[in-house]
Amino acid sequence: MAALLAIHTIAFAYMVSIASSGVRAGPVTYIFGDSMADVGNNNHFPQSLAKANYPWYGVDYSTKQPTGRFTNGRTIGDVMSARFGVPPPPPYLSLSMNDDAILEGINFASGGAGILDETGSYFVQYLSFNTQISYFEQTKEAIKFRIGDAEAEKLCNDALYLIGLGSNDYINNYLQPFMADGQEYTHDEFVMLLNATLDSQLKRLYDLGARKIVFNGIGPLGCIPSQRVKSGTGQCLHHVNEYVKEFNAQVTKLLAALNAALPGAQMVLADSYPVVMELIENPQKYGFKISNTSCCNVDSTVGGMCLPNSRLCANRRDFVFWDAYHTSDAANEIIANKMFADLNALTGSTPAPAPGPGLASTPHLRSALTPAPL
């Protein structure tokens with residue numbers, strides 16, 4: 001759920017300014033996050049237990065092959081990159097620091113990652129958020145070597161930073177009975193821990209030059225298939241959704257405080273909760289039929305990935321969820337189209353990207369998915 005984005009006016013203004021300059025069509029973008037944004041970093045870890053480099057993942061991607069994306073096709077970031085007119089940023093671990101790509105955007109996201117270092121530890125190999133930031137720090141040094149200190153600082157100041165984290169801190173940490181944090185902390189204490197950790201991490205990114213940061217709020221985790229099955233009746237877990245709402249509220253306050261304290265900081269929460277809940281509660285309105293279970297039929301009390309021996313649904317376009325955790329290509333397209341509707345509303349501008357199949361088949365998208373206040 002972590003990569004569901006709603007870009008603030010700052011991002012759109014930047015996109016327009018760069019497009020008009022003729023330098024490139026869209027913003028230089030650095031992506032940090034978990035499996036919702038991973039485009040192949042975990043494929044480089046031979047012992048990682050959080051990989052999606054096997055069929056049926058990628059069955060609806062352009063190559064029809066698995067790429068490390070945790071869905072049947074595109075991530076939300078892929079769809080948004082196409083709308084910006086640029087290729088999706090490549091995975092960091094696929095690059096050399098001599099590649100020109102480091103000047104044009106990189107994806108550091110890694111399946112299993114969370115805000116806390118201990119989150120995802122049982123996946124063996126992955127990039128924690130702190131490690132992702134360290135790799136960005138190394139990248140900045142390589143950029144300095146390529147274009148000089150002043151230009152490197154300008155590039156980093158002007159770039160857009162998309163961060164999608166927090167879901168794993170719940171479903172693969174706090175809500176797991178074998179993880180210590182769920183036993184050690186009350187939820188209020190756990191949110192304070194997440195907030196304090198995120199505060200130091202965002203300040204670290206700021207010190208490295210990040211100014212325009214979009215942090216993706218967590219969606220309704222209590223309604224994803226891996227959590228519904230725990231209810232025994234297939235219903236959403238209300239208490240998990242309440243945890244998420246509290247987390248999002250605290251992060252909103254944190255970002256406001258950082259903007260007030262750090263000169264030039266423009267950090268905003270993208271509230272994914274109402275967007276995803278709308279798709280879950282009213283799937284037919286957007287061309288879906290099923291939102292309570294996954295296309296791969298892998299829902300269980302321990303979650304489930306879409307394994308090569310999984311039995312796929314007859315029509316992948318019917319399902320909001322691909323596996324027990326991740327949204328489908330079709331749902332990701334709907335969410336990305338909603339982002340452009342938000343851009344119109346936030347800026348009063350009228351960018352007119354060619355509507356993809358998701359938008360064309362969902363005429364009520366713009367009116368029903370109203371942008372949350374930022």
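These are my notebook entries on a predicted model of one chain.

**Ground rules.** I number residues from 1 along each chain as its sequence is written. In this predicted model, local features need pLDDT of at least 70 and side-chain atom pairs count only at pLDDT 80 or more, while totals for chains, interfaces and linings use all residues; side-chain values use heavy atoms, with hydrogens and water left out.

**Whole chain.** I looked up the secondary structure first. The chain has 13 helices and seven strands. Both are DSSP runs numbered from the N terminus: helices are H or I with at least four residues, strands are E with at least two. Next I checked burial. Of the 374 residues, 57% count as buried (under 20% relative accessible area with a 1.4 Å probe, protein chains only; exposed is over 50%, partly exposed in between). The chain exposes about 14400 Å², and carbon and sulfur atoms supply 55% of that area (Shrake-Rupley method, 1.4 Å probe). Then I looked at contacts (heavy atoms within 4.5 Å). Among those with a separation of 6 or more, 72% join residues 24 or more positions apart.

**Helix α2.** I asked how much of α2, residues 76-84, is covered. Eight of its nine residues are buried. Among them I noted I76, D78, M80, R83 and F84. Just after α2, G85 takes a positive phi of about 85°.

**The sheet.** I traced an open sheet of five strands in the order β2-β1-β3-β4-β5, with parallel pairing. Two strands pair if DSSP finds at least two bridges between them. β2 (105-107) and β5 (266-270) stand at the edges with a single partner strand each, so one side of each has no neighbour in the sheet. The twist averages 15° from one strand to the next. I then followed β4 (residues 212-216), which pairs with β5 in the parallel sense over five bridges. I213 stands opposite M267 in β5. Helix α9 (residues 238-261) lies across β4 and β5 and runs at about 170° to β5. Such angles run from 0 to 180 degrees between N-to-C directions, and axes are lines fitted to C-alpha atoms, for helices over the stretch in contact.

**Helices α3 and α4.** At what angle do α3 (residues 129-147) and α4 (residues 149-158) pack? I read about 135°, with the axes 7 Å apart. The two are therefore oblique to each other (under 35 degrees is roughly parallel, over 145 roughly antiparallel, 65 to 115 roughly perpendicular, the rest oblique). The contact includes F136, I143 and I147 of α3 and A152, L155 and C156 of α4.
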